[in-house]
Amino acid sequence: MVLLSAGGALSWWTVGYTLREGEVALGLSPKAYCVVRSLVELLCAGSDGLPDGVAEGVVERIDEEVWSSDDGTREDLESAIQLLEHLPPWFGFGGRLSGLSIEQREACFVRYLQCDDTVIVQAATALKQMAHFFFFTRDATWGAIGYDGPWVAAPKLPDSGVRYRQLADEARGKPA
Amino acid sequence: MSGIRVGSEIEADVDVEADVCVVGSGCGGATLALALAERGLSVVILEQGGYYTKRDFDQREADMLAKIDGGRGLSTSDDGGMLLTYGNNVGGASVHYWADSYRTPADRLEVWAREFGVEGHDLATLTPHFERLERDLHVHPAPDELANRMNELFRAGATSLGYAVERIPQARNGCIKSGHCAQGCAYDAKQSQLVTHIPRAIELGASLFADVRARRLVFEGRKLIRLEADVLDRATGRPTGREVRVKAGAFAMAAGGYGTPTFLLKQGLGVRLPALGKNFFCNPCPMSHARFDEPVVMWRNIPAAFAVEQFRLARFDAAGRYVEGGYLLMPNQLHPGSLAAILPGIGRSHREWMLALPQVGGAIAWIDDAELGSIEMRGDRVRVHVPIEGANASRIRDAWKKQANVLLAAGARIVAFGDARDTTVTNASEVDAAVAAIDLRPARNVLAAPHPGGGCRMGSDPELSVVGSDHRVHGMDNLFVTDPSVFPTPPSVDPSLTIMAFSLVAADAIASASGR
Ligand SMILES: Cc1cc2nc3c(=O)[nH]c(=O)nc-3n(C[C@H](O)[C@H](O)[C@H](O)COP(=O)(O)OP(=O)(O)OC[C@H]3O[C@@H](n4cnc5c(N)ncnc54)[C@H](O)[C@@H]3O)c2cc1C
């Protein structure tokens, strides 16, 4: 957990992280939101008949999940993201994770997943799992992967999802 | 349903009186509530999760995880080694369970009596309860027509290796094979507590508060006089500021294998009950994933129709060295989101699996924990420790080997273990070496823990156990535990029927302690 605390301590460094038009960060810090976006670009790429994960709202869905989590989980995830962002130099990559080219980001992320430090493996695995889970639960991905979809036709959002969307709309300045 | 009040309907503090207050509405709590209501007692059930019915079960993994899974599916053990899966809704984990309904094996009940001093939970006592539960929940051996192609391949592979394959007893009535058991049955066919014991208890006068989390027990000496609970805002999981206060003759904790020890530790009871939170088990579940040439569509039909039960008990050689076993072996069922989360690799290697998803199948095993873990409070945070080492590690490796061999014998082209190094095998001759090389350090593997228990072990010695054989917490007059926390060890099969049968046994002592 010492490393995770280090991740928390790195959160002061926010220069160069800007949310894009329409993005709001309710669960993650704006910086963590940008880092997660760079991971989604890597893990949920639009190819092979699959849509682009960022355009599909995977980053926003992860932010919703973090917003909905208890304080402990939220703090752990935020620290984990900060840590992954700042570790590349220790793995031989110049710069921050979100600033690396996609190829370098992939190489660095694989090193995280296979390294000796349990906290780093845990942090990288959690992010990988969340990105993949929230990508492949989007119905736009199902055709490409041969999933014929739920038998219940209409989705029904959880209360947390309804509330998150209301708050996100308010933050974007849209009427609730 | 009248008799159920949800958090959003509670606009002021509420004071309730009942003969018995039950905390938790899963297999343990709902069955107890029904048994007490049948005896004419007034019962109030508190459930921290939401009340959802089939109209809410939209079969979307992301939506359903948020509605019914404890920690929204994100909870892990302290070192990240184990994904903790549990219920957080009316009906508890029975709403997402697979409905496998095994009686407790006689050999395990004997161990509990002989080695832990458990009384009154022997086979002769439990058998009529099992018979009743099997009738109530329509338990029957899985018929062929409910099996999916993965189930059939598993049976074929296991049979070709000479393993005996059994039909798994299923608690279902009118299953239409959607395959969405784990997201809550949208057809009320799966016989979860939500559609069986809870409505029956309510018909008999029990009442239930959903979105209400027990927070504090108030004692006078050995007697618990009041329970205070917070009403939660379901959208945020945070207290609304309103309270439910319950006065009752007796109180039963049935908050589940994670929830009950955690709650009692938060009450400070660890000081006088040194075994509280110790002896924790969870049936760690190693999984293997396989790609076949044909579509197996693992997400349809029932999760597991067949099992290999011959490895349930670990086997040792004459010198006492572990040889094999210590788990149940079954085909696996997962849906695309969960598969995506745990299939190996990133980038191209992950895509290859995902783009072949209908051909992807797998196997799973419930490890009969040999090394026990613990639940502890560190500050205000809960730490669940599950040892993936020693005897547990041997069993996990052996289960992976058996899974891979079964899948390869069934025709799999490639088998993956989902570990951080993306270990795969394509041929039975590679299996032993590949599995031996898997790094079992925490967070390198996907292991799930769906069957928690043991943290309030039953026994006669207050130094070594938390409750006596009457389910009463040592040193207390009217506080009981009726969930798998009381099991001295894992039951060695899926636990739901054992949990329910234990609640039926506990009902007598609880009824008499209630003063009625
Ligand atoms: C995916 C999955 C598949 C499974 N498949 C099978 C299977 O096929 N067969 C089988 O036998 N078992 C299966 N199990 C396990 C089985 O479902 C559980 O062991 C069983 O349902 C647990 O019952 P319980 O009453 O002990 O706890 P739970 O069902 O967890 O119920 C406890 C309840 O207490 C509530 N609670 C906790 N703390 C508080 C509090 N402070 N105040 C108020 N309420 C509180 C929780 O929200 C929860 O709803 C499965 C489990 C999972 C997760």
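Biologist: How far does a backbone N or O atom of B:Gly87 lie from an oxygen atom of the ligand?
Modeller: A polar contact is a pair of N or O atoms within 3.5 Å; within protein, one must be able to donate a hydrogen and the other to accept it, and residues adjacent in sequence count only if both atoms are side-chain atoms. For the backbone atom of B:Gly87 and the ligand oxygen, the distance is 3.5 Å.

Biologist: At which pLDDT do side-chain atom pairs count in this predicted model?
Modeller: Residues are numbered from 1 along each chain as its sequence is written, chains are lettered from A and ligands numbered from 1 in the order in which they are written, and side-chain values use heavy atoms, leaving out hydrogens and water. In this predicted model, totals for chains, interfaces and linings use all residues, local features need pLDDT of at least 70, and side-chain atom pairs count only at pLDDT 80 or more.

Biologist: Which element gives the most to the shell around the ligand?
Modeller: Helices (H or I, at least four residues) and strands (E, at least two) are DSSP runs numbered from the N terminus. Those of chain B giving two or more residues to the shell are α1 (27-38), β3 (43-47), β9 (212-220) and α12 (496-513). With 3 residues, the leading contributor is β9(B).

Biologist: How many charged residues does the shell around the ligand have?
Modeller: Asp, Glu, Lys and Arg count as charged; Ala, Val, Leu, Ile, Met, Phe, Trp, Tyr, Cys and Pro as nonpolar; and the others, Gly among them, as polar. The shell has 15 nonpolar and 15 polar residues, while its charged residues number 5.

Biologist: How many charged residues are in the lining of the second largest pocket?
Modeller: A:Arg138, A:Asp139, B:Arg60 and B:Asp63 are among the lining residues nearest the centre of this pocket. Its lining divides into 6 nonpolar and 1 polar, with the charged residues numbering 8.

Key:
On a 1 Å grid over the protein atoms alone, a cavity is a set of points where a 1.4 Å probe fits but cannot get out, and a pocket is an open set with protein on both sides within 12 Å along at least five of seven lines; lining residues have an atom within 4 Å of a point.
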